[in-house]
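Subject: A structure for you to look at

Dear colleague,

My notes on what was found in it follow below.

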Amino acid sequence: MAFERVGVVGLGTMGAGIAEVFARAGLRVIGVEADAEALARGRGHLERSTGRAVDRGRLTRERQAEILGRVTLTTSREDLRDADLVIEASPEILRYKVSLFEELDRICKPETVLATNTSSLPVTAIAAATGRPGRVVGMHFFNPAPVMKLVEVVGTVVTAPGVVSGIAELAGRLGKTAVAVGDRAGFVVNRLLLPYLNHAAVLVDQGMAGRDDIDAAMKLGVGLPMGPFTLLDLIGLDTAYEVMGVLFDETRDRRHAPAPLLRELVTAGLLGRKSGRGFYGDEAQEEQRPMSGAVTFDVAGPGSEELAGRLRAAGFKPSDDPGVVLRPTDRPVIEHAVRLQDPSRMVGVHLVGDRVAELAATALTSDAAARAARDLMKVAGLTPVPCKDRAGFVVDALLFPYLNDAVRMYESGYASIDDIDAAMRLGCGYPSGPFEMLESLGLARVRDGLRALYAEHREPSYAPAPLLDQLVTAGLSAFPRG
Ligand SMILES: NC(=O)c1ccc[n+]([C@@H]2O[C@H](COP(=O)([O-])OP(=O)(O)OC[C@H]3O[C@@H](n4cnc5c(N)ncnc54)[C@H](O)[C@@H]3O)[C@@H](O)[C@H]2O)c1
(Lines give C-alpha, C1' and ligand atoms only; values in the text may rest on other atoms or scores of the structure.)
Protein backbone atom coordinates (compact mmCIF):
# COMPACT_ATOMS: atom_id res chain seq x y z
CA MET A 1 0.00 0.00 0.00
CA ALA A 2 1.48 3.34 -1.02
CA PHE A 3 0.26 6.35 0.91
CA GLU A 4 1.37 9.67 -0.57
CA ARG A 5 -1.75 11.85 -0.48
CA VAL A 6 -3.60 11.89 2.81
CA GLY A 7 -6.87 13.61 3.62
CA VAL A 8 -7.63 14.83 7.15
CA VAL A 9 -11.26 15.68 7.90
CA GLY A 10 -11.72 18.05 10.84
CA LEU A 11 -8.81 20.28 11.84
CA GLY A 12 -9.61 20.70 15.51
CA THR A 13 -7.39 19.68 18.42
CA MET A 14 -6.54 16.31 16.92
CA GLY A 15 -6.95 16.81 13.16
CA ALA A 16 -4.58 19.80 12.96
CA GLY A 17 -1.94 17.83 14.86
CA ILE A 18 -2.45 14.78 12.65
CA ALA A 19 -2.16 16.91 9.48
CA GLU A 20 1.12 18.30 10.85
CA VAL A 21 2.45 14.80 11.56
CA PHE A 22 1.78 13.66 7.98
CA ALA A 23 3.22 16.83 6.44
CA ARG A 24 6.34 16.59 8.61
CA ALA A 25 6.88 13.05 7.26
CA GLY A 26 6.82 14.39 3.70
CA LEU A 27 3.29 13.36 2.66
CA ARG A 28 0.90 15.68 0.87
CA VAL A 29 -2.08 16.57 3.04
CA ILE A 30 -5.56 17.77 2.11
CA GLY A 31 -7.11 19.27 5.23
CA VAL A 32 -10.90 19.60 5.16
CA GLU A 33 -13.05 21.63 7.51
CA ALA A 34 -16.80 22.18 7.77
CA ASP A 35 -16.80 25.90 6.83
CA ALA A 36 -14.52 28.87 6.18
CA GLU A 37 -14.44 29.97 9.80
CA ALA A 38 -13.43 26.51 11.07
CA LEU A 39 -10.88 26.29 8.26
CA ALA A 40 -9.27 29.54 9.44
CA ARG A 41 -9.14 28.12 12.96
CA GLY A 42 -7.52 24.94 11.62
CA ARG A 43 -4.93 26.99 9.72
CA GLY A 44 -4.27 28.89 12.96
CA HIS A 45 -3.67 25.61 14.87
CA LEU A 46 -1.17 24.45 12.25
CA GLU A 47 0.68 27.76 12.08
CA ARG A 48 0.87 28.15 15.87
CA SER A 49 2.00 24.58 16.50
CA THR A 50 4.81 24.69 13.91
CA GLY A 51 5.57 28.30 14.96
CA ARG A 52 6.16 27.15 18.54
CA ALA A 53 8.61 24.54 17.26
CA VAL A 54 10.47 27.33 15.39
CA ASP A 55 10.55 29.53 18.52
CA ARG A 56 12.02 26.65 20.49
CA GLY A 57 14.69 26.09 17.88
CA ARG A 58 13.34 22.66 16.93
CA LEU A 59 12.39 23.67 13.40
CA THR A 60 13.88 26.17 10.94
CA ARG A 61 11.68 28.76 9.21
CA GLU A 62 12.41 27.09 5.87
CA ARG A 63 11.32 23.70 7.14
CA GLN A 64 8.16 25.20 8.64
CA ALA A 65 7.33 26.73 5.25
CA GLU A 66 8.00 23.39 3.58
CA ILE A 67 5.67 21.56 6.02
CA LEU A 68 2.88 24.11 5.67
CA GLY A 69 3.40 24.08 1.88
CA ARG A 70 2.49 20.39 1.80
CA VAL A 71 -0.92 21.08 3.33
CA THR A 72 -3.80 22.15 1.10
CA LEU A 73 -6.79 23.49 3.03
CA THR A 74 -10.32 23.28 1.71
CA THR A 75 -13.96 23.18 2.72
CA SER A 76 -14.85 20.82 -0.10
CA ARG A 77 -14.83 17.14 0.80
CA GLU A 78 -14.92 16.39 -2.96
CA ASP A 79 -11.21 17.39 -2.98
CA LEU A 80 -10.48 14.09 -1.24
CA ARG A 81 -11.27 12.05 -4.32
CA ASP A 82 -7.63 11.17 -5.09
CA ALA A 83 -6.44 10.61 -1.54
CA ASP A 84 -4.80 7.25 -0.71
CA LEU A 85 -5.91 7.53 2.90
CA VAL A 86 -8.48 9.75 4.60
CA ILE A 87 -8.39 10.10 8.35
CA GLU A 88 -11.39 11.58 10.08
CA ALA A 89 -11.06 13.63 13.30
CA SER A 90 -14.55 15.12 13.62
CA PRO A 91 -16.59 15.30 16.84
CA GLU A 92 -17.14 12.08 18.77
CA ILE A 93 -20.75 11.50 17.70
CA LEU A 94 -21.54 8.23 15.98
CA ARG A 95 -24.25 9.50 13.64
CA TYR A 96 -21.94 12.33 12.40
CA LYS A 97 -19.18 9.90 11.71
CA VAL A 98 -21.47 7.40 10.00
CA SER A 99 -22.88 10.00 7.61
CA LEU A 100 -19.40 11.38 6.96
CA PHE A 101 -18.09 7.91 6.07
CA GLU A 102 -21.06 7.28 3.75
CA GLU A 103 -20.07 10.46 1.96
CA LEU A 104 -16.34 9.68 1.92
CA ASP A 105 -17.15 6.24 0.53
CA ARG A 106 -18.99 7.89 -2.35
CA ILE A 107 -16.30 10.50 -3.00
CA CYS A 108 -13.03 8.54 -2.66
CA LYS A 109 -11.56 6.08 -5.14
CA PRO A 110 -12.27 2.43 -4.25
CA GLU A 111 -8.70 1.71 -3.04
CA THR A 112 -8.67 4.58 -0.54
CA VAL A 113 -8.36 3.46 3.06
CA LEU A 114 -10.76 5.35 5.34
CA ALA A 115 -9.64 5.74 8.95
CA THR A 116 -11.28 7.19 12.04
CA ASN A 117 -9.47 8.76 14.97
CA THR A 118 -12.35 7.89 17.30
CA SER A 119 -11.41 7.25 20.94
CA SER A 120 -14.42 5.21 21.90
CA LEU A 121 -16.95 4.64 19.12
CA PRO A 122 -17.27 1.24 17.41
CA VAL A 123 -15.11 1.18 14.28
CA THR A 124 -17.17 -1.78 13.03
CA ALA A 125 -20.35 0.33 12.97
CA ILE A 126 -18.53 3.05 11.02
CA ALA A 127 -17.05 0.51 8.58
CA ALA A 128 -20.44 -1.13 8.05
CA ALA A 129 -21.88 2.20 6.87
CA THR A 130 -19.61 2.09 3.81
CA GLY A 131 -19.44 -0.09 0.71
CA ARG A 132 -15.79 -0.89 1.58
CA PRO A 133 -15.86 -2.18 5.17
CA GLY A 134 -12.64 -4.11 4.48
CA ARG A 135 -10.77 -0.82 3.98
CA VAL A 136 -12.01 1.02 7.07
CA VAL A 137 -9.86 1.05 10.23
CA GLY A 138 -9.26 3.03 13.37
CA MET A 139 -6.08 5.12 13.50
CA HIS A 140 -6.09 6.44 17.03
CA PHE A 141 -3.56 9.19 17.67
CA PHE A 142 -2.95 10.69 21.11
CA ASN A 143 -3.03 14.33 22.13
CA PRO A 144 -0.90 16.24 21.18
CA ALA A 145 -0.48 14.22 17.99
CA PRO A 146 2.88 15.73 16.93
CA VAL A 147 4.40 14.80 20.30
CA MET A 148 2.80 11.53 21.41
CA LYS A 149 4.51 8.51 19.89
CA LEU A 150 1.67 5.99 20.04
CA VAL A 151 -0.91 5.10 17.40
CA GLU A 152 -3.48 2.37 18.04
CA VAL A 153 -4.43 0.79 14.72
CA VAL A 154 -7.86 -0.77 15.04
CA GLY A 155 -8.93 -3.60 12.77
CA THR A 156 -12.43 -5.07 12.78
CA VAL A 157 -13.80 -8.53 11.95
CA VAL A 158 -14.30 -7.33 8.37
CA THR A 159 -10.98 -5.57 7.78
CA ALA A 160 -9.22 -6.94 4.69
CA PRO A 161 -5.87 -8.69 5.15
CA GLY A 162 -2.90 -6.35 4.95
CA VAL A 163 -4.79 -3.13 5.72
CA VAL A 164 -3.93 -3.00 9.42
CA SER A 165 -0.29 -3.87 8.77
CA GLY A 166 -0.15 -1.29 5.96
CA ILE A 167 -1.45 1.44 8.28
CA ALA A 168 0.89 0.28 11.07
CA GLU A 169 3.81 0.56 8.63
CA LEU A 170 2.68 4.05 7.69
CA ALA A 171 2.58 4.97 11.39
CA GLY A 172 6.21 3.83 11.58
CA ARG A 173 7.05 6.14 8.67
CA LEU A 174 5.53 8.98 10.72
CA GLY A 175 7.95 8.18 13.57
CA LYS A 176 5.21 6.57 15.67
CA THR A 177 4.94 3.20 17.37
CA ALA A 178 1.85 1.33 16.19
CA VAL A 179 -0.05 -1.15 18.29
CA ALA A 180 -2.52 -3.29 16.31
CA VAL A 181 -5.70 -4.08 18.21
CA GLY A 182 -9.27 -5.25 17.69
CA ASP A 183 -12.45 -3.21 17.95
CA ARG A 184 -13.20 -3.12 21.68
CA ALA A 185 -14.40 -0.03 23.52
CA GLY A 186 -11.43 2.03 24.69
CA PHE A 187 -8.86 -0.06 22.73
CA VAL A 188 -5.82 -0.59 24.96
CA VAL A 189 -5.02 2.75 26.55
CA ASN A 190 -8.44 4.16 27.40
CA ARG A 191 -9.70 0.71 28.40
CA LEU A 192 -6.98 0.46 31.05
CA LEU A 193 -6.57 4.13 31.98
CA LEU A 194 -10.13 5.40 32.33
CA PRO A 195 -11.37 2.79 34.84
CA TYR A 196 -8.41 3.69 37.05
CA LEU A 197 -9.28 7.41 36.82
CA ASN A 198 -12.94 6.65 37.46
CA HIS A 199 -11.98 4.57 40.49
CA ALA A 200 -10.00 7.51 41.89
CA ALA A 201 -13.14 9.67 41.61
CA VAL A 202 -15.15 6.98 43.41
CA LEU A 203 -12.59 6.92 46.25
CA VAL A 204 -12.88 10.69 46.75
CA ASP A 205 -16.65 10.42 46.59
CA GLN A 206 -16.57 7.76 49.32
CA GLY A 207 -14.34 9.90 51.51
CA MET A 208 -11.57 7.30 51.30
CA ALA A 209 -8.94 10.01 50.83
CA GLY A 210 -8.65 13.57 49.53
CA ARG A 211 -8.02 14.73 45.97
CA ASP A 212 -4.56 16.20 46.65
CA ASP A 213 -3.51 13.22 48.74
CA ILE A 214 -4.47 10.70 46.06
CA ASP A 215 -2.69 12.76 43.40
CA ALA A 216 0.42 12.99 45.58
CA ALA A 217 0.35 9.25 46.32
CA MET A 218 0.22 8.26 42.64
CA LYS A 219 2.73 10.84 41.51
CA LEU A 220 5.32 10.68 44.28
CA GLY A 221 4.68 7.12 45.44
CA VAL A 222 4.22 5.30 42.13
CA GLY A 223 6.16 7.72 39.90
CA LEU A 224 3.36 8.45 37.44
CA PRO A 225 3.76 11.76 35.57
CA MET A 226 0.68 13.19 37.29
CA GLY A 227 -2.04 12.14 39.70
CA PRO A 228 -5.47 10.95 38.50
CA PHE A 229 -7.32 14.21 39.21
CA THR A 230 -4.78 16.37 37.42
CA LEU A 231 -5.07 14.01 34.47
CA LEU A 232 -8.88 13.97 34.56
CA ASP A 233 -8.86 17.78 34.42
CA LEU A 234 -6.55 17.62 31.43
CA ILE A 235 -8.62 15.04 29.54
CA GLY A 236 -11.89 16.85 30.34
CA LEU A 237 -14.40 15.43 32.81
CA ASP A 238 -17.10 15.36 30.12
CA THR A 239 -14.91 13.26 27.84
CA ALA A 240 -13.99 10.93 30.72
CA TYR A 241 -17.67 10.60 31.64
CA GLU A 242 -18.64 9.77 28.04
CA VAL A 243 -15.87 7.22 27.58
CA MET A 244 -16.80 5.52 30.86
CA GLY A 245 -20.39 5.32 29.64
CA VAL A 246 -19.26 3.63 26.42
CA LEU A 247 -17.06 1.19 28.36
CA PHE A 248 -19.91 0.36 30.71
CA ASP A 249 -22.31 -0.24 27.82
CA GLU A 250 -19.92 -2.79 26.38
CA THR A 251 -18.73 -4.53 29.55
CA ARG A 252 -21.61 -4.07 32.04
CA ASP A 253 -18.82 -4.11 34.64
CA ARG A 254 -20.10 -1.92 37.46
CA ARG A 255 -16.56 -0.61 37.99
CA HIS A 256 -17.05 1.03 34.59
CA ALA A 257 -20.18 2.89 35.66
CA PRO A 258 -19.18 6.56 35.49
CA ALA A 259 -18.48 7.89 39.00
CA PRO A 260 -21.48 9.92 40.29
CA LEU A 261 -19.03 12.69 41.23
CA LEU A 262 -18.03 13.01 37.56
CA ARG A 263 -21.66 13.39 36.55
CA GLU A 264 -22.21 16.07 39.17
CA LEU A 265 -19.15 18.08 38.15
CA VAL A 266 -19.97 17.79 34.44
CA THR A 267 -23.57 18.93 35.04
CA ALA A 268 -22.20 21.87 37.01
CA GLY A 269 -20.07 22.84 34.00
CA LEU A 270 -16.83 22.00 35.80
CA LEU A 271 -15.13 20.19 32.93
CA GLY A 272 -11.48 20.62 33.89
CA ARG A 273 -8.81 22.71 32.15
CA LYS A 274 -11.03 23.55 29.17
CA SER A 275 -13.63 25.30 31.37
CA GLY A 276 -11.08 26.66 33.86
CA ARG A 277 -12.24 24.49 36.72
CA GLY A 278 -12.79 20.79 37.38
CA PHE A 279 -11.33 18.84 40.27
CA TYR A 280 -8.87 21.72 40.53
CA GLY A 281 -9.29 25.42 39.89
CA ASP A 282 -10.98 26.80 42.99
CA GLU A 283 -8.24 26.53 45.55
CA ALA A 284 -8.54 28.80 48.53
CA GLN A 285 -5.09 29.60 49.91
CA GLU A 286 -4.06 26.46 51.73
CA GLU A 287 -4.04 27.00 55.43
CA GLN A 288 -0.60 26.56 56.96
CA ARG A 289 -1.33 24.54 60.05
CA PRO A 290 1.23 24.71 62.86
CA MET A 291 2.67 21.46 64.22
CA SER A 292 0.40 19.84 66.77
CA GLY A 293 2.81 20.72 69.59
CA ALA A 294 4.73 18.08 71.49
CA VAL A 295 4.22 14.78 69.67
CA THR A 296 4.89 11.54 71.47
CA PHE A 297 4.81 8.31 69.58
CA ASP A 298 5.68 4.66 69.52
CA VAL A 299 6.23 2.35 66.56
CA ALA A 300 4.87 -1.16 66.83
CA GLY A 301 4.97 -4.42 64.92
CA PRO A 302 7.15 -6.04 62.27
CA GLY A 303 8.72 -3.61 59.82
CA SER A 304 8.73 -0.80 62.36
CA GLU A 305 12.56 -0.45 62.44
CA GLU A 306 12.71 1.50 59.17
CA LEU A 307 10.11 3.98 60.32
CA ALA A 308 11.62 4.28 63.80
CA GLY A 309 15.02 4.84 62.18
CA ARG A 310 13.69 7.63 59.97
CA LEU A 311 12.04 9.34 62.94
CA ARG A 312 15.14 8.97 65.10
CA ALA A 313 17.21 10.52 62.31
CA ALA A 314 14.79 13.47 62.41
CA GLY A 315 15.43 13.85 66.16
CA PHE A 316 12.35 12.03 67.50
CA LYS A 317 12.46 9.20 69.97
CA PRO A 318 9.73 6.68 70.80
CA SER A 319 7.96 7.35 74.10
CA ASP A 320 6.56 5.14 76.87
CA ASP A 321 3.36 7.17 76.90
CA PRO A 322 2.76 7.72 73.18
CA GLY A 323 0.10 10.07 71.76
CA VAL A 324 0.14 8.01 68.59
CA VAL A 325 1.14 4.43 67.88
CA LEU A 326 2.33 3.98 64.31
CA ARG A 327 1.77 0.49 62.96
CA PRO A 328 3.43 -0.41 59.66
CA THR A 329 1.00 -2.76 57.96
CA ASP A 330 -0.68 -3.66 54.73
CA ARG A 331 -3.48 -5.45 56.56
CA PRO A 332 -6.56 -3.90 58.20
CA VAL A 333 -5.24 -1.60 60.92
CA ILE A 334 -8.28 -2.13 63.12
CA GLU A 335 -7.19 -5.75 63.75
CA HIS A 336 -4.05 -4.37 65.44
CA ALA A 337 -5.79 -1.41 67.08
CA VAL A 338 -8.31 -3.48 69.04
CA ARG A 339 -5.42 -5.22 70.78
CA LEU A 340 -4.20 -1.91 72.27
CA GLN A 341 -5.39 -0.67 75.61
CA ASP A 342 -6.27 2.60 73.89
CA PRO A 343 -7.10 1.82 70.24
CA SER A 344 -7.79 5.49 69.50
CA ARG A 345 -4.04 6.10 69.36
CA MET A 346 -3.28 3.73 66.51
CA VAL A 347 -2.63 4.86 62.93
CA GLY A 348 -1.58 2.36 60.24
CA VAL A 349 1.42 3.30 58.11
CA HIS A 350 2.15 1.96 54.65
CA LEU A 351 5.26 3.28 52.94
CA VAL A 352 5.00 3.64 49.17
CA GLY A 353 8.39 4.05 47.54
CA ASP A 354 10.66 6.21 49.66
CA ARG A 355 8.64 9.41 49.59
CA VAL A 356 5.06 8.59 50.53
CA ALA A 357 3.47 7.25 53.71
CA GLU A 358 -0.17 6.22 53.58
CA LEU A 359 -1.70 6.82 57.01
CA ALA A 360 -4.77 4.74 57.64
CA ALA A 361 -7.06 5.91 60.43
CA THR A 362 -9.55 3.38 61.78
CA ALA A 363 -13.10 4.03 62.99
CA LEU A 364 -11.56 4.39 66.47
CA THR A 365 -8.54 6.61 65.67
CA SER A 366 -8.73 10.00 67.39
CA ASP A 367 -8.25 13.23 65.43
CA ALA A 368 -5.29 14.07 67.64
CA ALA A 369 -3.52 10.80 66.81
CA ALA A 370 -4.24 11.21 63.08
CA ARG A 371 -2.83 14.77 63.19
CA ALA A 372 0.24 13.70 65.12
CA ALA A 373 0.92 10.91 62.59
CA ARG A 374 0.75 13.44 59.72
CA ASP A 375 3.17 15.79 61.46
CA LEU A 376 5.61 13.00 62.23
CA MET A 377 5.69 11.85 58.62
CA LYS A 378 6.42 15.37 57.45
CA VAL A 379 9.39 15.76 59.78
CA ALA A 380 10.60 12.36 58.62
CA GLY A 381 10.65 13.76 55.06
CA LEU A 382 7.65 11.75 53.84
CA THR A 383 4.48 12.98 52.16
CA PRO A 384 1.58 11.82 54.34
CA VAL A 385 -1.47 10.42 52.55
CA PRO A 386 -4.26 10.15 55.12
CA CYS A 387 -6.87 7.57 54.21
CA LYS A 388 -9.42 5.19 55.65
CA ASP A 389 -8.60 1.70 56.85
CA ARG A 390 -9.67 -0.17 53.72
CA ALA A 391 -8.01 -2.98 51.77
CA GLY A 392 -5.15 -1.66 49.66
CA PHE A 393 -5.39 1.81 51.24
CA VAL A 394 -5.05 4.25 48.32
CA VAL A 395 -2.20 3.18 46.06
CA ASP A 396 -2.72 -0.58 45.94
CA ALA A 397 -6.49 -0.14 45.68
CA LEU A 398 -5.99 2.00 42.57
CA LEU A 399 -3.01 0.28 41.05
CA PHE A 400 -3.72 -3.44 41.48
CA PRO A 401 -7.09 -3.56 39.67
CA TYR A 402 -5.46 -1.66 36.78
CA LEU A 403 -2.66 -4.26 36.64
CA ASN A 404 -5.21 -7.06 36.86
CA ASP A 405 -7.18 -5.54 33.97
CA ALA A 406 -3.99 -5.57 31.89
CA VAL A 407 -3.43 -9.28 32.63
CA ARG A 408 -7.04 -10.06 31.72
CA MET A 409 -6.66 -8.07 28.50
CA TYR A 410 -3.62 -10.12 27.53
CA GLU A 411 -5.29 -13.38 28.60
CA SER A 412 -8.26 -12.64 26.39
CA GLY A 413 -5.93 -12.50 23.39
CA TYR A 414 -6.73 -8.85 22.68
CA ALA A 415 -3.14 -7.58 22.69
CA SER A 416 0.36 -8.83 23.45
CA ILE A 417 2.27 -8.09 26.65
CA ASP A 418 4.80 -5.96 24.78
CA ASP A 419 2.07 -4.02 22.97
CA ILE A 420 0.16 -3.34 26.19
CA ASP A 421 3.34 -2.19 27.95
CA ALA A 422 4.34 0.01 25.00
CA ALA A 423 0.83 1.47 24.71
CA MET A 424 0.71 2.53 28.37
CA ARG A 425 4.26 3.91 28.32
CA LEU A 426 3.82 5.87 25.10
CA GLY A 427 0.12 6.71 25.37
CA CYS A 428 0.17 7.87 29.00
CA GLY A 429 3.83 8.74 29.56
CA TYR A 430 3.99 6.10 32.31
CA PRO A 431 7.52 5.20 33.39
CA SER A 432 6.74 1.52 32.81
CA GLY A 433 3.98 -0.62 31.36
CA PRO A 434 1.65 -2.69 33.56
CA PHE A 435 3.55 -5.96 33.06
CA GLU A 436 6.87 -4.29 33.83
CA MET A 437 5.23 -2.77 36.91
CA LEU A 438 3.78 -6.13 37.99
CA GLU A 439 7.19 -7.75 37.75
CA SER A 440 8.93 -5.02 39.70
CA LEU A 441 6.28 -5.02 42.45
CA GLY A 442 6.33 -8.80 42.63
CA LEU A 443 3.58 -10.98 41.18
CA ALA A 444 2.77 -12.60 44.53
CA ARG A 445 2.35 -9.23 46.23
CA VAL A 446 -0.09 -8.02 43.59
CA ARG A 447 -1.99 -11.33 43.57
CA ASP A 448 -2.33 -11.25 47.37
CA GLY A 449 -3.35 -7.59 47.30
CA LEU A 450 -6.05 -8.38 44.76
CA ARG A 451 -7.30 -11.24 46.91
CA ALA A 452 -7.61 -8.85 49.85
CA LEU A 453 -9.48 -6.31 47.69
CA TYR A 454 -11.78 -9.03 46.42
CA ALA A 455 -12.41 -10.36 49.93
CA GLU A 456 -13.38 -6.90 51.11
CA HIS A 457 -15.46 -5.64 48.18
CA ARG A 458 -16.66 -8.96 46.63
CA GLU A 459 -16.10 -7.25 43.31
CA PRO A 460 -15.72 -10.01 40.67
CA SER A 461 -13.18 -8.10 38.59
CA TYR A 462 -10.87 -7.71 41.62
CA ALA A 463 -10.36 -11.48 41.73
CA PRO A 464 -6.81 -12.13 40.50
CA ALA A 465 -6.69 -12.99 36.78
CA PRO A 466 -6.19 -16.76 36.45
CA LEU A 467 -2.86 -16.28 34.66
CA LEU A 468 -1.48 -14.12 37.47
CA ASP A 469 -2.61 -16.63 40.05
CA GLN A 470 -1.09 -19.54 38.12
CA LEU A 471 2.27 -17.82 37.62
CA VAL A 472 2.48 -17.18 41.36
CA THR A 473 1.45 -20.77 42.14
CA ALA A 474 4.13 -22.03 39.74
CA GLY A 475 6.70 -19.87 41.52
CA LEU A 476 7.42 -17.64 38.49
CA SER A 477 8.32 -13.99 38.84
CA ALA A 478 7.90 -12.88 35.21
CA PHE A 479 5.34 -13.15 32.42
CA PRO A 480 6.06 -15.36 29.41
CA ARG A 481 7.09 -13.15 26.50
CA GLY A 482 7.81 -13.65 22.83
N1 LIG B 1 -9.00 15.54 22.08
C2 LIG B 1 -8.35 14.44 22.37
O3 LIG B 1 -7.58 14.37 23.34
C4 LIG B 1 -8.51 13.23 21.49
C5 LIG B 1 -7.53 12.22 21.53
C6 LIG B 1 -7.65 11.13 20.68
C7 LIG B 1 -8.75 11.03 19.83
N8 LIG B 1 -9.69 12.01 19.83
C9 LIG B 1 -10.81 11.86 18.89
O10 LIG B 1 -10.55 12.71 17.77
C11 LIG B 1 -11.78 13.18 17.22
C12 LIG B 1 -11.75 14.70 17.18
O13 LIG B 1 -11.56 15.21 18.47
P14 LIG B 1 -11.03 16.69 18.75
O15 LIG B 1 -10.73 16.76 20.18
O16 LIG B 1 -9.99 17.04 17.74
O17 LIG B 1 -12.36 17.53 18.44
P18 LIG B 1 -12.48 19.07 18.03
O19 LIG B 1 -13.86 19.47 18.39
O20 LIG B 1 -11.33 19.85 18.56
O21 LIG B 1 -12.35 19.06 16.44
C22 LIG B 1 -13.34 18.54 15.57
C23 LIG B 1 -13.28 19.33 14.28
O24 LIG B 1 -14.10 18.72 13.31
C25 LIG B 1 -14.67 19.73 12.52
N26 LIG B 1 -15.82 19.18 11.78
C27 LIG B 1 -17.06 18.88 12.26
N28 LIG B 1 -17.83 18.39 11.27
C29 LIG B 1 -17.07 18.37 10.15
C30 LIG B 1 -17.30 17.98 8.80
N31 LIG B 1 -18.48 17.47 8.41
N32 LIG B 1 -16.30 18.10 7.89
C33 LIG B 1 -15.10 18.58 8.27
N34 LIG B 1 -14.83 18.98 9.54
C35 LIG B 1 -15.79 18.86 10.47
C36 LIG B 1 -15.02 20.81 13.52
O37 LIG B 1 -15.19 22.06 12.89
C38 LIG B 1 -13.80 20.78 14.44
O39 LIG B 1 -12.78 21.67 14.03
C40 LIG B 1 -12.88 12.60 18.09
O41 LIG B 1 -13.34 11.43 17.49
C42 LIG B 1 -12.17 12.29 19.40
O43 LIG B 1 -12.77 11.26 20.12
C44 LIG B 1 -9.59 13.11 20.63
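The C-alpha centres of domain 1 and domain 3 lie 54 Å apart, and please keep in mind that this value, like the others here, comes from a predicted model. The chain as a whole is divided into domain 1 (5-181), domain 2 (189-275), domain 3 (297-388) and domain 4 (395-473).

Five strands make up an open sheet with mixed pairing, and their order is 9-10-11-12-13. Strand 9 (297-299) and strand 13 (383-388) are at the edges with a single partner strand each, so one side of each is left without a neighbour in the sheet. From one strand to the next, the twist averages 30 degrees. Helix 14 (residues 367-379) packs on this sheet and touches strand 9, strand 10, strand 11, strand 12 and strand 13, while its direction makes about 65 degrees with that of strand 10.

Strand 9 runs parallel to strand 10 (residues 324-328), and three bridges join them; here Val-299 stands opposite Leu-326. Strand 10 in turn pairs with strand 11 in the parallel sense over four bridges, where Leu-326 has Val-347 as its bridge partner. Strand 11 and strand 12 run antiparallel and are joined by six bridges, with Val-347 opposite Ala-361. In the hairpin of these two strands, which has three residues between the strands, Gly-353 takes a positive phi near 60 degrees. Strand 11 is also mostly covered, since six of its seven residues are buried.

The other topic is the aromatic rings, for which the structure holds six aromatic pairs. One of them, Tyr-196 with Tyr-402, is tilted, at 6.4 Å centre to centre and 45 degrees between the planes. Tyr-196 belongs to helix 7 (residues 189-205) and Tyr-402 to helix 15 (residues 395-411), so the pair ties together parts that are 206 residues apart in sequence. Both of these tyrosines are buried, and together with Tyr-430 they form one aromatic cluster.

How far apart are the ring centres of Phe-229 and Phe-279? They are 4.7 Å apart with the planes at 55 degrees, so this pair is tilted. Phe-229 is buried, with a relative accessible area of 0%, and Phe-279 is buried with 10%.

With best wishes

Note on methods
Residues numbered from 1 in each chain as written. Predicted model: local features only at pLDDT ≥ 70, side-chain atom pairs only at ≥ 80, totals over all residues. Heavy atoms only, no water. Pairing = 2+ DSSP bridges. Axes fitted to C-alpha atoms, helices over the stretch in contact; angles between N-to-C directions. Contact = heavy atoms within 4.5 Å. Domains from an automatic or database assignment. Buried < 20%, exposed > 50% of the residue type's maximum accessible area, 1.4 Å probe, protein only. Phe/Tyr/Trp six-rings, centres within 6.5 Å; stacked < 30°, edge-to-face > 60°.
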